[in-house]
Amino acid sequence: MINLVLFGPPGAGKGTQSDMIKEKYNLVHLSTGDLLRGEIKAGTPLGIKAKELMDQGQLVPDEVVIGMIDSKIKANKEGNGFIFDGFPRTVAQAEALDGLMSENGIAISGMVALDVDEEELTKRILKRGETSGRTDDQNEDLIRNRVKEYNTKTAPVANFYEAQGKYKAIGGVGSIEEIFTNLCAAIDSL
């Protein structure tokens with residue numbers, strides 16, 4: 001069983017790569033962004049609150065995200081594993097995820113990070129915003145705020161997994177295929 005955290009700032013290519021990894025390794029894809037967007041589309045109270053926060057470039061509270069993930073893990077425990085995309089975003093979430101995995105008799109195999117510089121990220125997200133319809137993808141100030149949030153709150157999560165010997169960084173610039181090949185090599189070495 002492979003339980004992988006795909007890591008990187010907004011716009012690093014996690015969504016694109018996680019789809020390919022999910023297919024190759026037959027993993028259940030747990031994207032907190034997708035889970036939250038599903039709640040927003042359904043117009044649930046959680047979705048309405050999440051949209052307010054996301055539109056401001058802020059993170060959704062841990063207990064909400066962790067509860068959604070716990071339900072998905074329990075529903076898919078018999079598979080080949082999970083790929084976590086966009087979670088954990090803080091050290092507290094990483095600790096909660098490790099506890100959640102342990103409660104379910106499984107563990108995180110490793111974290112693979114996509115490294116991309118801020119200017120490239122901003123350019124990618126603005127381009128994505130032309131077709132995504134997401135308001136937080138269309139405003140450069142919000143994008144830079146999201147990257148700042150990532151650097152302040154999320155980047156330390158890499159240290160959490162590095163301390164466990166479970167961290168590998170991959171360059172996130174190049175062709176989709178080149179990046180995928182490098183990711184697979186890192187995953188296969190976990």
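This is a predicted model: local features need pLDDT of at least 70, side-chain atom pairs count only at pLDDT 80 or more; totals for chains, interfaces and linings use all residues.
**Helix packing and the annotated binding site**

Let me begin with the helix pair, where Val91, Ala94, Glu95, Leu97 and Asp98 of H5 are in contact with Pro156, Val157, Phe160 and Tyr161 of H8. Sorted by class, the residues in this contact of H5 with H8 comprise seven nonpolar and two charged ones, with no polar residue among them.

As for the geometry, the axes of H5, which spans residues 91-103, and H8, which spans residues 156-163, come within 8 Å and cross at roughly 40°. The two helices are therefore oblique to each other, because an angle under 35 degrees would be needed for them to count as roughly parallel.

Let me turn now to the annotated site. The UniProt record, which is an unreviewed entry, carries a "binding site" annotation that covers Gly11, Ala12, Gly13, Lys14, Gly15, Thr16, Arg128 and Gly174. From this set, Gly11, Ala12, Gly13, Lys14, Gly15, Thr16, Arg128 and Gly174 are found in the lining of the largest pocket.

Thr16 lies in helix H1, residues 14-25, and with a relative accessible area of 40% Thr16 is partly exposed. Arg128 belongs to helix H6, residues 118-132, and is likewise partly exposed, at a relative accessible area of 32%.

Definitions and conventions:
Residues are numbered from 1 along each chain as its sequence is written. Side-chain values use heavy atoms; hydrogens and water are left out. Axes are lines fitted to C-alpha atoms, for helices over the stretch in contact, and angles run from 0 to 180 degrees between N-to-C directions. Helices (H or I, at least four residues) and strands (E, at least two) are DSSP runs, numbered from the N terminus. Angles under 35 degrees count as roughly parallel, over 145 as roughly antiparallel, 65 to 115 as roughly perpendicular and the rest as oblique. Contact means heavy atoms within 4.5 Å. Ala, Val, Leu, Ile, Met, Phe, Trp, Tyr, Cys and Pro count as nonpolar, Asp, Glu, Lys and Arg as charged, and the others, Gly among them, as polar. UniProt positions are given in the numbering used here, feature names are shortened, and annotations may be inferred rather than shown by experiment. On a 1 Å grid over the protein atoms alone, a cavity is a set of points where a 1.4 Å probe fits but cannot get out, and a pocket is an open set with protein on both sides within 12 Å along at least five of seven lines; lining residues have an atom within 4 Å of a point. Buried means under 20% relative accessible area, exposed over 50%, partly exposed in between (1.4 Å probe, protein chains only).
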